[in-house]
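Q: I would like to learn how to read the features of a structure one by one. Could we go through this one together?

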Amino acid sequence: MAYLELQNLHRDFGTVKALDGIEIELGEGEFLSLLGPSGCGKTTALRLVAGFDRPDAGAIVVDGKNLTNVAPNKRDMGMVFQAYSLFPNMTARQNVEYGLRIRGKDRADRRKRVSDLLELVGLGHAADRYPHQLSGGMQQRVALARALAIEPRVLLLDEPLSALDAKVRVQLREEIRRIQLDLGITTLYVTHDQEEALSVSDHVAVMYGGRIEQMGSPAEMYSAPATPFVAEFIGTMNRLEGTVVDGGVEHAGTTLRIEAAQERPRGERVLVLVRPETVEVGPANGGSGVNTLVGNVVTQTFLGPVTRLKILGEGVDVIADVPTQKALSLPVGTRVAAVLPAEGARLLVLKEDLPQIPEEPASASR
Amino acid sequence: MRSGRRRLSFAWIATLPFFAYTILFLFLPAASVLIGAFQNDKSGYSLSNIRTLFHHPYIDAYEGSIKLSLVTAAIGGIAGLFIAYAALREGTPKWIRSTLTTFSGVAANFGGIPLAFAFIASLGPLGVLTLFFKNQLHFDITAHGFSLFSMTGIGLAYMYFQLPLMILVIAPAIDGVRKEWREASANLGASQFQFWRYVGIPVLMPSILGAIILLFGNAFAAYATAYGINSGANLITIFIGAYYSGNVLNNPHLAQAMAFGMFVVLAVMMIVYIPLQRRAARWAK
């Protein structure tokens, strides 16, 4: 049975549909990331769950109780905000203690719980520091401890890492996941960073235009995107437009043998989705093999163990991730053959123009 | 290094008029007041003027000024805080905010004889409002004890610049109370009242204290408004004016001693204020 349910949530701001019928079911102790570009409605959804805003239609149910019209201070939800929401006039300890104090908990119990939580987030030594004496990462750790102190029914995280530098972001996201698993707390996490979402979640829901495009496990989202938008948003993907023909898909004058095309009617416009790491690249030796697109290496991007090659040719625009060692023998300007996999490629029916994903500002949220 | 020196000398030249002005019209007069306060008519040094301050009517004038300043600073401060919050809070139409700040900017600088005249014309014995109350509402404010020429009346006139000054000074601080703090507080189970008690007011307290001390000083030093309403008001600034330039009461050294007494009162206020401010702002950078 679902622990957290968002039932057909709608929210309009004037003529803008911020949420257009969101449906989510999340089991107890699970971690769901709402992932999407700026303006997709993910923060609006989170704020509805927190109670800071009311839906125009739909319901929010937690553990069988309808909380849609319950005031935010009666919902028992812990929330970590995007940045710097600590009360500046209180030390780290007092910040964490705040919710317990409001609930009238016994002083000794309060102090013990606060100390335990500060230890849990690795800040036992900084309990008496004021927020301005803490780094951004430390502040967000305190904010996490503060949200956890009240033993919330659901933990809500609104882009909590977006204001931090890259290294701290990675450390803290792993810590959030560790703590979430330790405490078994049901968690809703909003982010525009797909790497963040994929690395910490049990489930990921990709949102676009106020709707959920697809929801599934990180592996499903990566390997089997259901829509062109998800394909574009999750990871890096080659998107080759083509037409179904006998035995495959015609693209750039070449018939690609794509297994998934066999079930499609002839003449259908489709999008062939191929992950860069599944593309084999080698020097072009004149002949053209199956699923081979020929072009020149125009850029090389070093990514550590692999190097990303951009290959352009006549009607060909492919990116491929090859082992860095191999990339050394394929410098920019080399004529290469890129071989697409017959089995790994996904096929989506091309119904409309491909969506343009707006750029996400570094710290924007809603 | 060389360009740094050039920049430095340019900075000195550019600010020289300001420093010259300050020295000529602030520090030198202040020094003259300080020295003059301890002199008598025969150019000898004496504490007699200072001793005089502790006697009637001077001590009463200090009391009158301090009371008036404290009351108008407290009422102006508290009312101004609420008005500013009401205008700046989320959900208030933007035009209210811009109208209020523009009006406050003008009103806070409107004082002296024009303000006194405006109040006499509206709330004096034959003022427009006085007559309106009397003739239209059958309510005689003078019969009910109100007189514009009393301390209450002068205090009412002072509120005209005290309130807007508070609004102007406190508005940026209220803007600094982040929405996330309110939401985090609600999220942790607190009511609006609890938020203001534990977070909002403590965060604003250094600014509130600073604004109230400013309001106190503003009222304490006011002269022309009070003089325009009642030149016989029992206020120390009116006494200083009378003794400095009066034909009958001319005694510049006593006036300087009274001005020195004002420095002392303000210094005492600062001595009380600084530790309070430090305590209220102990969490700030």
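A: Gladly, and let us start with burial: a residue is buried if 20 or more other C-beta atoms lie within 10 Å of its own, exposed if 12 or fewer, and partly exposed in between, with C-beta atoms placed from the backbone. A:Gly124 has 14 C-beta neighbours inside 10 Å, so A:Gly124 counts as partly exposed. Before we go on, note that this is a predicted model, in which local features need pLDDT of at least 70 and side-chain atom pairs count only at pLDDT 80 or more, while totals for chains, interfaces and linings use all residues. Residues are numbered from 1 along each chain as its sequence is written, and chains are lettered from A and ligands numbered from 1 in the order in which they are written.

Q: Where does A:Gly124 lie, and with which residues is A:Gly124 in contact?

A: Helices (H or I, at least four residues) and strands (E, at least two) are DSSP runs, numbered from the N terminus. A:Gly124 sits in the loop between α3 (107-120) and α4 (136-149) of chain A. Two residues are in contact if their C-beta atoms, placed from the backbone, lie within 7 Å. Leaving aside neighbours within four places in sequence, A:Gly124 has contacts with A:Ser115, A:Leu118 and A:Glu119. From A:Gly124 to A:Phe302 there are 178 residues in sequence and 40 Å in space, C-alpha to C-alpha.

Q: What can be said about chain A as a whole?

A: Chain A has nine helices and 20 strands. Its C-alpha atoms fill a box of roughly 80 × 45 × 35 Å along the principal axes. Of the 366 residues in chain A, 44% are buried. Among contacts between residues at least 6 apart in sequence, 65% join residues at least 24 apart. Domain bounds come from an automatic or database domain assignment, which for chain A gives domain 1 (4-225) and domain 2 (236-349). The centres of these two domains, taken over C-alpha atoms, are separated by 40 Å.

Q: How should I read a sheet, and which strands of chain A stand at the edges?

A: Strands of a sheet pair through backbone hydrogen bonds, either parallel or antiparallel. Here two strands pair if DSSP finds at least two bridges between them. One open sheet of chain A has five strands in the order β13-β12-β11-β14-β20, with antiparallel pairing. β13 (254-256) and β20 (346-349) of chain A each have a single partner strand, so one side of each is left without a neighbour in the sheet. Axes are lines fitted to C-alpha atoms, for helices over the stretch in contact, and angles run from 0 to 180 degrees between N-to-C directions. On average, neighbouring strands of this sheet are turned by 45° against each other, direction ignored. Within it, β11 (residues 238-245) and β12 (residues 248-251) of chain A pair in the antiparallel sense over three bridges, and A:Thr243 stands opposite A:Glu250 in β12(A).

Q: Which strands make up the open sheet of four strands in chain A, and which helix packs on the sheet?

A: That sheet has the order β2-β1-β4-β5 in chain A, again with antiparallel pairing. Its edge strands are β2 (16-26) and β5 (65-66) of chain A, each pairing on one side only. Five bridges join the antiparallel strands β1 (residues 4-13) and β4 (residues 57-62) of chain A, with A:Glu5 opposite A:Val61 in β4(A). Helix α1 (residues 42-50) of chain A packs on this sheet and touches β1, β2 and β4 of chain A. The direction of α1 makes about 115° with that of β1(A).

Q: How do I describe two packed helices, such as α3 and α11 of chain B?

A: Two packed helices are described by the angle between their axes and the distance between the axes. The axes of α3 (residues 58-88) and α11 (residues 236-245) of chain B come within 7 Å and cross at roughly 135°. Angles under 35 degrees count as roughly parallel, over 145 as roughly antiparallel, 65 to 115 as roughly perpendicular and the rest as oblique, and α3(B) is therefore oblique to α11(B). α3(B) contributes B:Tyr58, B:Ala61, B:Tyr62 and B:Ser65 to the contact, and α11(B) contributes B:Ile236, B:Thr237 and B:Phe239.

Q: Finally, how many residues are in contact between chain B and chain A?

A: 16 residues of chain B are in contact with 19 residues of chain A. On the chain B side, α8 (179-187) and α9 (192-220) each supply at least two residues, and the largest share, six residues, comes from α8(B).
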